[in-house]
Every structure is written in C-alpha cells, then in structure tokens.
Amino acid sequence: TVMLKLPGHRRWEQTLYGVVGETLQHPTVTLSPAAALARIESTPAGATVTVNDRYQGRTPVELELEPGREHHIVLLLDGYHSAERRLQLEAGEERTVEIPLKPELGTLQLSASPQGATLLIDGKPQQPGEVHLPARPHRIEARLAGHVSDSRTVTPRPGMAQRVHFELQPEAAAGPAPLAAE
C-alpha cells in the first residue's frame, strides 16, 4: 500500500500489485486540496442551514466546504429572524461558527377564569398577563381542580397583540352520563 500526504491536501492511498523484480508504472497522482470543515451552531438549536442556496441540515451540523471560496450560509427557524453569514476557509481549516438567532416576538394577553387557574405555555407555568413569545405555534393550556381543562394552539403575530382567555367549566358533579338500556 502506497500513501501520499501533503499538508493542506487530501491523502491519497492505494494498494499496488506487481511482479517482484519488475518496474511498476503508475499514472501521475494529483493530490486534491483538503476540504475545509465548518461546524455551524445556533442558539436555539434546530435551525435549517443552507449553504449557497442548498439545504445542508439542521443545527448543530458539520459541513465540508470547498476551500478558498466564499460560502453564503443562511439559518432559518420558525419564530426567529433569518441569519446570514459569509464564510471562507482555507484547505484543511476547521472552524466553529456560532450564530445567535434573534426572536421575532409577538404579544399575547393571557387570562383565565375562574381566578386561580394555572396557565401553561408549551408545558411551562405562566402567570396571567402580557407575555412576549417567538412568532411560532405555542400550546397554551388552562387547568383548575374541579374544572375541565382547556387548551389551544396560538401563533403570536409581531406587531399585533392578541388576547387569549380561557373560561373553564366545572366538571359534572354526577360524573359521566349512564348508558341507556336497550
């Protein structure tokens, strides 16, 4: 097995076969430049990554990039402003690029009755009143002992405050209705 290595280039390796005592002829080997590696991370994670308008995955993602060329990187995530970066790496270079995403916020005015109901946004407790959330779907739930829970999915809209009110109904005192006899 023959291996050729040169810094900044991809390694070439091949097993050559021949007859002992004879000269072996092999075509010229051209070493190609080593790829550049970029690890793209975002806060929050899970953003769609495109490089030069081609889908590459979701953050965090490790990409092999053509060295010596500028690459246009775009991150997209529901409820957040898109983020763009231009990146050029040299052959064999490795770099981590951390991109914070800025939330695109909408305002919700939350309330529930009767008083004392627990409000949850995406499973986390929330006090009644004004709340600012990324403009993507959120599950909002209201609970109170002795009452039927209620939930809905709401997408906050930037620049437009939305009122979300829950009117919880008491559970039936007698329980489920009896089955009718035939």
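**Note on a predicted model: strands, cores and backbone features**

1. Gly57 is buried, its relative accessible area being 10%, and this residue belongs to strand 5, which covers residues 54-58. The model under discussion is a predicted one. Setting aside residues up to four places away in sequence, Gly57 touches Ala47, Thr48 and Val49; Ala47 is ten residues from Gly57 in sequence, and their C-alpha atoms are 8.3 Å apart.

2. Strand 5 pairs with strand 4 in the antiparallel sense, over four bridges, and within this pairing Val51 stands opposite Arg54 of strand 5. The hairpin that the two strands form has two residues between them, and Asn52 takes a positive phi near 55° there. Asp53, in the loop between strand 4 and strand 5, also has a positive phi, of about 70°, although it is not a glycine. Asp53 is exposed because its relative accessible area is 72%, where exposed means over 50%.

3. A further non-glycine residue with a positive phi, here about 50°, is Asp122, which is placed in the loop between strand 11 (118-121) and strand 12 (124-126). With a relative accessibility of 38%, Asp122 counts as partly exposed.

4. Two cis peptide bonds deserve a look when the backbone is checked. One joins Thr43 and Pro44, with omega about 0°, and Pro44 lies in the loop between strand 3 and strand 4. The other joins Thr59 and Pro60, with omega about -5°, and Pro60 is found in the loop between strand 5 and strand 6.

5. The largest nonpolar core has 18 residues, and Ile40, Val49 and Leu75 are those with the most contacts inside it. Two or more residues are given to this core by each of strand 3 (36-43), strand 4 (48-51), strand 6 (61-65), strand 7 (70-76), strand 8 (83-88) and strand 9 (94-100). Beyond its neighbours within four places in sequence, Ile40 is in contact with Val49, Thr59, Pro60, Val61, Leu63, Ile73, Leu75, Val97 and Ile99; this list includes Thr59 and Pro60, the pair joined by a cis peptide bond.

6. In soluble globular proteins, nonpolar side chains tend to be buried together. Leu4, which is placed in strand 1 (residues 2-4), is partly exposed, with a relative accessible area of 34%.

Key:
Residues are numbered from 1 along each chain as its sequence is written. This is a predicted model: local features need pLDDT of at least 70, side-chain atom pairs count only at pLDDT 80 or more; totals for chains, interfaces and linings use all residues. Side-chain values use heavy atoms; hydrogens and water are left out. Buried means under 20% relative accessible area, exposed over 50%, partly exposed in between (1.4 Å probe, protein chains only). A nonpolar core is a set of buried Ala, Val, Leu, Ile, Met, Phe, Trp, Tyr and Cys residues joined through side-chain atoms within 4.5 Å. Contact means heavy atoms within 4.5 Å. Two strands pair if DSSP finds at least two bridges between them.
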